Amino acid sequence: MSIDPRHLIQLAAIADTGSFAEAAARLDLAQSALSRNIKTLEERVGAPVLKRGRRGAVPTEIGAALAQYGTVIGAANTQANSVMTSVGSPRASQFRIAATQLIAGNFLIDPLTQFMNKRAEVSCLVQSGTVDELIEIVTLGEADLALGQFGALTNSSGLHLEPLIKDYLTVVGRKDHPLRGINGAASEILARAHWIVPRAHTRLRWEIENALKYIGVSSIDITYETPSTAVMMEIVRKSDCVAMVPRFAVSPMIENGTIVELLPDRTVLHRPIGILCQSTKRKSAIVNSFCQDLHRFARRAMANATGEQ
Amino acid sequence: MTVRALFLRRYRLIHAVLLVLALATPAFAADYKPAGTVKNFEIAAERKPMPAFTWRDAGGSETSLASYAGKMVVMNFWATWCAPCITELPSLLRLQEKLGSAPISVVVLSIDRGAEGAEKARAMLRRLKLDGLAFHHDGDSRAYKTLGIEVMPTTVIFDAAGREAGRLRGPAEWDEPEARKLLQALSESLKP
């Protein structure tokens, strides 16, 4: 088992100060953590590296030899850090992601946390916005990539979309909704239902109107308009109103039975969740590596959702 | 001089001494360059009075920078959907613990929307054992918009007079020595 060089630096600090408390303060480390690390070091060496007494901690013969290496490693570490600070580009290891809040909270957070844990040198900035805002952010180069439900967006206007997760619009109602299980005459029944919809002139509203036309519903009775999917679902849950929403956004509510899909066999408009980036700009190594992680994460999520191996 | 004035004067003096002790390294305001994980901190070229903005404290009451008069404020914007923000929060708790009674307040401000967002953010602080950080909520993004925050996480530092001393876009290890040097430099160079 190899020796952790950080433990040698810590041993050198104890040897130098003669005290666990002073060494911990110098290293900006909790004393308990320092004691634990020295114990690990002793287990790896197979012999005590310090003699603990009333007058403090004194290195043993082998401890003194190891502490010397610790001093050398510590000095090299300090020099390397000063070089990095003086010549390093301040944002060389930073990348910027934009996402809708829904995607950021329900999809992005786990792979991004794992990526940052794996690549400690990488720093990340997150922006949130509507799908239209994300498109603008990427177009202006204010983010390296964006994650959202970009739907029918084509790979034009200098933008490139990599689909990650299949998603579609679905019609939902409360648990035990009277329209549950409607079939052939769906369009007429849906036309008479009370609807909660997103505000006019938004991308989602436009997509919903197109999807309704596609299934033969030319006009609907709108009870309430709101920009918030959470508000839409709150009303749907407590009334006979229905709504058309992205399946991904309401998956947890469908899975826990709070709401039901009224047309489970009609996936009316596919709008995949994808990575949007500039088609002309080459991805940096960090962004590329993160996108690969996202694809792996999405494949696992899809496999879990469909029960595939 | 009244007893109250004398008390206030002594109170301010004690706070000034505490600040110096808490950040006990030599003063170096003018040629100071941020380093470490706060190296991208943008020091405000000019201190300007801030437009008024409010947010909700742990008890749900409206609060503002006026409540922190006489103290430097490290205001961190975070959200439950922002992975780098969550990674950064523990270091803000450690900073707060290290500052002790120094006249510097750490305010972590969740921008999760509405009452549902507030509950989600509170639950996350509990789950991550970060209850030591008082809960503050900017549920309608008033503070976020007034300060022109664009990316998350962003940390804005205000001087004791409530003026912006600078901001960092991106996460940092706020309890590392370089971050504490930054606070010292700001407290030295940005005295009201």
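1. Order of elements in chain B. From the N terminus on, chain B of this predicted model runs α-β-β-β-β-α-β-α-β-α-β-β-α. That gives five helices and eight strands. Helices (H or I, at least four residues) and strands (E, at least two) are DSSP runs, numbered from the N terminus.

2. Ground rules. Residues are numbered from 1 along each chain as its sequence is written, and chains are lettered from A and ligands numbered from 1 in the order in which they are written.

3. Confidence in chain B. pLDDT is the predictor's confidence in each residue, from 0 to 100. Its mean over chain B is 85, and 82% of the residues of chain B reach 70 or more. Residues 20-28 of chain B fall below 50; this stretch has 15 contacts in the model beyond near neighbours in sequence. Contact means heavy atoms within 4.5 Å. Where pLDDT is low, the predicted coordinates should not be read in detail.

4. Confidence in chain A. The mean pLDDT of chain A is 83, and 89% of its residues reach 70 or more. Below 50 lie residues 85-91 of chain A, a stretch with seven contacts in the model beyond near neighbours in sequence. Among the elements, strand 12 (residues 269-270) of chain A is lowest, at a mean of 74. Strand 8 (residues 194-197) of chain A is highest, at 94.

5. The chains in totals. Chain A has 11 helices and 13 strands. Of the 309 residues in chain A, 43% are buried. For chain B, 49% of the 192 residues count as buried. Buried means under 20% relative accessible area, exposed over 50%, partly exposed in between (1.4 Å probe, protein chains only). The accessible surface of chain A is about 16400 Å², with 52% belonging to carbon and sulfur atoms. For chain B it is about 9200 Å², with 57% belonging to those atoms. Accessible areas come from the Shrake-Rupley method with a 1.4 Å probe; for residues, only the protein chains shown count as cover.

6. Contacts along the sequence. Take contacts in chain B between residues at least 6 apart in sequence: 74% join residues at least 24 apart. In chain A, 74% of the contacts with a separation of 6 or more are between residues 24 or more positions apart.

7. A buried methionine. M75(B) lies in strand 4 (residues 72-78) of chain B. Its relative accessible area is 0%, so M75(B) is buried. Not counting residues up to four places away in sequence, M75(B) touches residues including F53(B), W55(B), L65(B), L147(B) and F158(B). M75(B) and V106(B) are 31 residues apart in sequence, yet 6.1 Å apart in space, C-alpha to C-alpha.

8. Where the chains meet. Helix 5 (residues 101-118) of chain A and helix 2 (residues 83-99) of chain B have axes that come within 8 Å and cross at roughly 55°. Axes are lines fitted to C-alpha atoms, for helices over the stretch in contact, and angles run from 0 to 180 degrees between N-to-C directions. Therefore helix 5 of chain A is oblique to helix 2 of chain B. Angles under 35 degrees count as roughly parallel, over 145 as roughly antiparallel, 65 to 115 as roughly perpendicular and the rest as oblique. Chain A brings I109(A), L112(A), T113(A) and M116(A); chain B brings A83(B), P84(B), I86(B) and T87(B). Ala, Val, Leu, Ile, Met, Phe, Trp, Tyr, Cys and Pro count as nonpolar, Asp, Glu, Lys and Arg as charged, and the others, Gly among them, as polar.

9. A helix pair within chain A. Helix 2 (residues 20-27) and helix 3 of chain A pack at about 105°, with their axes 9 Å apart. They are therefore roughly perpendicular to each other. F20(A), A21(A), A23(A), A24(A) and L27(A) of helix 2 meet Q31(A), L34(A), S35(A) and I38(A) of helix 3. The contact has seven nonpolar, two polar and no charged residues.

10. N37(A) is in helix 3 (residues 31-45) of chain A. With a relative accessible area of 18%, N37(A) is buried. E207(A), in helix 8 (residues 203-214) of chain A, is buried at 3%.

Methods:
This is a predicted model: local features need pLDDT of at least 70, side-chain atom pairs count only at pLDDT 80 or more; totals for chains, interfaces and linings use all residues. Side-chain values use heavy atoms; hydrogens and water are left out.
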